[in-house]
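Colleague: I would like to learn how to read a structure of this kind. Please show it to me, and then take the features in turn.

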Amino acid sequence: MGNFLANKKVFFYSTLIVLLLDFIVFFLHGTYDFLFLKETNYLPLTFLNIILTFFFIKNTDKGSYIFIIILIMLLLFYYLIKGLFTMCYHPFYYKEITSPQKSKSVIIEYRFDLFSQRISNYRVYQKKYAFLIKELTKKEIIITREYYLNLTQKELFDFETPIWINEKTVIFNTLEGQHKFKLN
């Protein structure tokens, strides 16, 4: 195993693959997200970056790759902040809803405020291809309810029975009214 990890070609190509994946995720973040990273909350990338950082520190001689080490550490720090700390305080849940003809699907990301349980946050994504998603909400839908109301999920944000106007338009009923989303 030691010879495999010390092999320069294996080390170079594994570094290249992880950095390429990092940059793809980093630059697509404004428009698209990867579905498997949304649901696992960036833990696979964090794990790959930690392994890569340890291999870099072990295999570098006299700081010759200090720039790449710093770059990987910054990306690792970004994924740790984004993935781990957000997940600890605001766990996300996901629900996929398909259109009546099964040609389009949307994914609802929702979470509840951990401290008061009175605030619910929702985001709506359109599933593109097999693993990419595009956010349809311009900003998070925040629904606040009074503490004495004991409302069900269906009364807060009804994603169990959406209203499909056609294959490209979906309406969700919420406590605050209807939200209409147009799919591409």
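**Surface, elements and cores**

Modeller: The protein chain exposes about 11600 Å², and carbon and sulfur atoms supply 65% of that area. Accessible areas come from the Shrake-Rupley method with a 1.4 Å probe; for residues, only the protein chains shown count as cover. This is a predicted model: local features need pLDDT of at least 70, side-chain atom pairs count only at pLDDT 80 or more, and totals for chains, interfaces and linings use all residues. Residues are numbered from 1 along each chain as its sequence is written, and side-chain values use heavy atoms, with hydrogens and water left out.

Colleague: How many helices and strands are in the protein chain?

Modeller: Helices (H or I, at least four residues) and strands (E, at least two) are DSSP runs, numbered from the N terminus. Here there are 6 helices and 9 strands.

Colleague: What share of the residues is buried?

Modeller: Buried means under 20% relative accessible area (1.4 Å probe, protein chains only). In this chain of 184 residues, 36% are buried.

Colleague: Which residues touch the most other members of the largest nonpolar core?

Modeller: A nonpolar core is a set of buried Ala, Val, Leu, Ile, Met, Phe, Trp, Tyr and Cys residues joined through side-chain atoms within 4.5 Å. The largest one has 17 residues, and Ile108, Tyr122, Val124, Phe157, Phe159 and Phe172 touch the most other members. Two or more residues come from each of β3 (105-112), β4 (119-128), β6 (141-144), β7 (157-166) and β8 (169-174). A second, separate core of 8 residues includes Val18, Leu19, Val25 and Leu75.

Notes
Buried < 20%, exposed > 50% of the residue type's maximum accessible area, 1.4 Å probe, protein only.
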